[in-house]
Amino acid sequence: MSIGALDHDLCRTWFPWPMPPDGHATFRAAYETHTGTAPPIRPSPFWAVAVAANSARMRLAVSEDAARAALACLTALRD
């Protein structure tokens, strides 16, 4: 665990990550508690690209197939 940008964590919940709906609700409530504002529906483009690129890098260490979902997300962000 580390201290970092809350929007980075928010984006990690947006990116294809297996979090059940109640987990999303808990995260969103904690975000609002710590920031005083409700989290945006979609993260900022900066954090979306940062998280998707890092995910692609980490998944590529496993295999090219594993990285495809993250690369597809980056392509969707571009479009």
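In this report, two residues are in contact when heavy atoms lie within 4.5 Å. Helices (H or I, at least four residues) are DSSP runs numbered from the N terminus.

The model is predicted: local features need pLDDT of at least 70, side-chain atom pairs count only at pLDDT 80 or more, and totals for chains, interfaces and linings use all residues. Residues are numbered from 1 along each chain as its sequence is written, and side-chain values use heavy atoms, with hydrogens and water left out.

**Confidence**

pLDDT is the predictor's confidence in each residue, from 0 to 100. The chain has a mean pLDDT of 82, and 90% of its residues reach 70 or more. Among the elements of the chain, helix 3 has the highest mean pLDDT (89), while helix 1 (residues 6–14) has the lowest (75).

**How the helices pack**

Two packed helices are described by the angle between their axes and the distance between the axes. Here the axes are lines fitted to C-alpha atoms over the stretch in contact, and angles run from 0 to 180 degrees between N-to-C directions.

| Helix pair | Axis distance | Angle |
|---|---|---|
| Helix 3 and helix 4 | within 7 Å | roughly 165° |
| Helix 1 and helix 3 | 9 Å | about 65° |
| Helix 1 and helix 2 | within 11 Å | roughly 165° |

Let's start with helix 3 (residues 45–60) and helix 4 (residues 64–78). They are roughly antiparallel to each other (an angle over 145 degrees). Helix 3 passes helix 4 in a left-handed crossing, where the near helix is turned anticlockwise from the far one by less than a right angle (clockwise would be right-handed). Ala, Val, Leu, Ile, Met, Phe, Trp, Tyr, Cys and Pro count as nonpolar, Asp, Glu, Lys and Arg as charged, and the others, Gly among them, as polar.

Helix 1 passes helix 3 in a right-handed crossing. D7, H8, C11, R12 and W14 of helix 1 meet W47, A48 and V51 of helix 3, a contact with 5 nonpolar, 1 polar and 2 charged residues.

Helix 1 and helix 2 are also roughly antiparallel. On the helix 1 side the contact is made by L6, D7, D9, L10 and T13, and on the helix 2 side by H24, F27, Y31, H34 and T35. These divide into 4 nonpolar, 4 polar and 2 charged residues.

**One salt bridge**

The whole structure holds 1 salt bridge, meaning a side-chain nitrogen of Lys or Arg within 4 Å of a carboxyl oxygen of Asp or Glu. R68 pairs with D65, with the closest N and O atoms 1.9 Å apart. R68 and D65 are separated by about one helical turn because they are 3 residues apart in helix 4.

Notes. Helices (H or I, at least four residues) and strands (E, at least two) are DSSP runs, numbered from the N terminus. Angles under 35 degrees count as roughly parallel, over 145 as roughly antiparallel, 65 to 115 as roughly perpendicular and the rest as oblique.
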